[in-house]
Amino acid sequence: MSISIIVAIAENNAIGMNNKLLWHISSDMKRFKRITLGHKIIMGRNTYLSLPVRPLAGRTNIVVSDKPEEKFQGCLMVNSIHQALELCPPEEECFVIGGAMIYRQFFRYANKLYVTRIFKSFEADTFFPDINYDEWREISRENWGPDGENDFPHAYIIYERK
């Protein structure tokens, strides 16, 4: 099984506030689309409801919801992470895109992390779990400085499980 987590994380592990992202980095949004396009993406219902456009086009949207009666048009609905994993064939890379509870539940199944690390702390109510770097090997990194739309540096980092 090829489960990858894709996430943008602040210095203090913050990922959201009031079911919204804490920043907008255009290049990160383009990277997210480029990486996930054509793949299955797995998310919790709150993450799905927070998307500005639903479902995300060009991807199979799998939504984990604890409400069995809930249906979102154009999505595959599941009621557990195990049902979501059953929809991920071993030869295909599937992406977990949030939120915090879904990240925590899928973390032990993930073999790759696509991290956008924001080098700034933010006030937040949602946080990514701590990464034990003894279990992960960094395989690529692109550092970006502040630009016209952001006043903080960030990096795109890919990790593989050791």
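Where is Asn19 found? Asn19 lies in the loop between strand 2 and helix 1, where helices (H or I, at least four residues) and strands (E, at least two) are DSSP runs numbered from the N terminus. The model is a predicted one, in which local features need pLDDT of at least 70 and side-chain atom pairs count only at pLDDT 80 or more, whereas totals for chains, interfaces and linings use all residues. Residues are numbered from 1 along each chain as its sequence is written, and side-chain values use heavy atoms, with hydrogens and water left out.

## Backbone geometry

Most residues other than glycine have a negative phi, and most peptide bonds are trans. Asn19, a residue other than glycine, has a positive phi near 60 degrees. Its relative accessibility of 40% makes Asn19 partly exposed; on this scale, buried means under 20% relative accessible area, exposed over 50%, and partly exposed in between (1.4 Å probe, protein chains only). Asn18 is found in the loop between strand 2 and helix 1. Although not a glycine, Asn18 has a positive phi of about 55 degrees. With a relative accessible area of 55%, Asn18 is exposed.

Cis peptide bonds occur at two further places. One runs from Arg54 to Pro55, with omega near -15 degrees, and Pro55 lies in the loop between helix 2 and strand 4 (60-64). Another joins Gly98 and Gly99, with omega about 0 degrees; Gly99 belongs to the loop between strand 6 and helix 4.

## Strand 1 and its partners

How many of the 8 residues of strand 1 are buried? The number is 7, so strand 1 is largely enclosed by the rest of the structure. Strand 1 pairs with strand 6 in the parallel sense over 4 bridges, pairing being assigned if DSSP finds at least two bridges between two strands. In strand 6, Glu93 stands opposite Ser2. Strand 1 also pairs with strand 7 in the parallel sense, over 7 bridges, and Val7 stands opposite Val115 in strand 7.

Ala14 lies in strand 2 and is buried, with a relative accessible area of 0%. Leaving aside residues up to four places away in sequence, Ala14 touches Ala8, Ile9, Leu22, Trp23, Phe122, Ala124, Thr126 and Phe127, contact meaning heavy atoms within 4.5 Å. Ala14 and Ile42 are 28 residues apart in sequence and 20 Å apart in space, C-alpha to C-alpha.

## The largest pocket

The largest pocket holds about 1,200 Å³ of space. Of the 41 residues that line the largest pocket, Leu21, Thr47, Ser50, Ile97 and Gly98 are the closest to its centre. Elements giving two or more residues to the lining are strand 1 (2-9), strand 2 (14-16), helix 1 (26-36), helix 2 (45-50), strand 6 (93-98) and helix 4 (100-106). A pocket here is an open set of points on a 1 Å grid over the protein atoms alone, where a 1.4 Å probe fits, with protein on both sides within 12 Å along at least five of seven lines; lining residues have an atom within 4 Å of a point. Grid points are joined across faces, edges and corners, and the volume is the space filled by probe spheres set on the points.

By class, the lining has 20 nonpolar, 14 polar and 7 charged residues. Ala, Val, Leu, Ile, Met, Phe, Trp, Tyr, Cys and Pro count as nonpolar, Asp, Glu, Lys and Arg as charged, and the others, Gly among them, as polar.

## Aromatic pairs

A pair of aromatic rings is described by the distance of the centres and the angle of the planes. Rings of Phe, Tyr and Trp (its six-membered ring) pair if their centres lie within 6.5 Å; planes under 30 degrees apart count as stacked, over 60 as edge-to-face and the rest as tilted.

| Pair | Centre distance | Plane angle | Class |
|---|---|---|---|
| Phe107 and Phe128 | 5.9 Å | 65 degrees | edge-to-face |
| Phe107 and Trp136 | 5.9 Å | 65 degrees | edge-to-face |

Phe107, in the loop between helix 4 and strand 7 (110-118), and Phe128, in the loop between strand 8 (126-127) and strand 9 (136-144), are 21 residues apart and link distant parts of the chain. Phe107 and Trp136, the latter in strand 9, are 29 residues apart and likewise link distant parts. Phe107 is buried at 13% relative accessibility, Phe128 at 4% and Trp136 at 3%. Ring pairs join Tyr103, Phe107, Phe128 and Trp136 into a cluster.
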